[in-house]
Amino acid sequence: MSNIQVSVRIPPQLYEKLLAHTNTVGLSKSKVIAQALSQYLEENKKEPSSLEERLLKVEKRLNHLESNSQKDEPQPMLSPTEIKSETSVSFETPPLEEFSFERPIIDETGAILERVGGTSQSFQEDLGEGVILDMVYIPEGTFLMGSSLGEAGSQICEQPQHSVNLKGFFLAKFPVTQKQWDIVAQYPKINRDLVVDPSEFKGSDRPVESISWEDAVEFCHRLSQHSQRPYQLPSEAQWEYACRGGSTTAFNFGPTLTSDLANYMAKRLYAKESSGLYRQETTSVTAFYPNSWGLYDLHGNVWEWCADAWYSSYENASTSGKPRVSSQHETRRVLRGGSWDEDAYHCRCASRYAYHPQAVGVSRIGFRVMLMTSAM
């Protein structure tokens, strides 16, 4: 997989200096700076100097590059992972196959009004040992992201509603399961170690949980190296678009949710539905109905990590669905979908939550992977 290999050549102190400077320059300039810095260190291998001397020289080079680059809107600081994942690569997917499914449409009491058949296309990524990863094609389209002021449970962080135009992409049919995690966690290490069996609630077809955002990113890197396809976490725009599946209601099944449709704290009511089960643990990713694109478990079971850094509103959010990157003032990442331990308000299509990327041991957090069909 093609990327900028600065972390291999540059000592940690120099790399941190580089990242600090990317807070005030655009991504394209940060790439130029990274390449220039790498070349500089290569050229000076025969002239060893102290780290302090190198830092001074590097800072002069960075300042020179910044002052002479064309001015544009400042971009927030990128993490090492984000810098490495920016370079696009060409790849092929296996032939797509059509699959069929059935989904319910409900009213505000939770009663099923009708059952609708659907079809989507997907391919299977062979992980090894008979374990596969189903990737569903999500067609390009435009949707209104966020919640309206009139939606029950609507939060300021879900506003303003705004139009987002997305290119087509592939999204995993299910959250990453424990058997999928077990295989990929044993692939060669890229940046960090992974615990092979981190989940509190055991079950090969249950979602993997109790993992950090950094763990999820490492999983994507290892899977990318194995498959030669650039797997990533979805942006939260991609996640919400996929979750809605063309719907504009609070949930992709309709105006409410029930424990027959999702795993959540159903004893707390959202609309006019009856009180339901609070299972107090995760369930199999195939336990409930899919949405209109054949995706499962988008409401409840486990929160799902997204690529985006947390911002407290959608002011100045991208209209193309690109993930928003972190700044020096905010390092938390976005979670979507709710969990087995949240009420329906937190399981809405528009609901979002922030959590620290290093956090582990939370049995309510998992993820699913995304694959672009072309550069965003």
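Two strands count as paired if DSSP finds at least two bridges between them. Strands are DSSP runs of E of at least two residues, helices are runs of H or I of at least four, and both are numbered from the N terminus.

Good morning. The structure shown is a predicted model, in which local features need pLDDT of at least 70, side-chain atom pairs count only at pLDDT 80 or more, and totals for chains, interfaces and linings use all residues. Residues are numbered from 1 along each chain as its sequence is written, and side-chain values use heavy atoms, with hydrogens and water left out.

The chain contains eight helices and eleven strands. Of its 376 residues, 53% are buried, meaning under 20% relative accessible area with a 1.4 Å probe, protein chains only.

Five strands form an open sheet in the order β1-β2-β3-β6-β11, with antiparallel pairing. Because β1 (97-106) and β11 (370-372) stand at the edges with a single partner strand each, one side of each has no neighbour in the sheet. On average, neighbouring strands here are turned by 35° against each other, direction ignored; the axes are lines fitted to C-alpha atoms, for helices over the stretch in contact, and angles run from 0 to 180 degrees between N-to-C directions.

Within this sheet, β3 (residues 131-138) and β6 (residues 169-172) pair in the antiparallel sense over four bridges. There, Ile 138 stands opposite Phe 169 in β6.

Two helices deserve mention. Helix α7 (residues 213-227) packs on the sheet and touches β2 (112-128) and β3, its direction making about 65° with that of β2. Helix α8 (residues 236-244) also packs on the sheet, touching β3, β6 and β11, at about 75° to the direction of β6.

Methods. Contact means heavy atoms within 4.5 Å. Buried means under 20% relative accessible area, exposed over 50%, partly exposed in between (1.4 Å probe, protein chains only).
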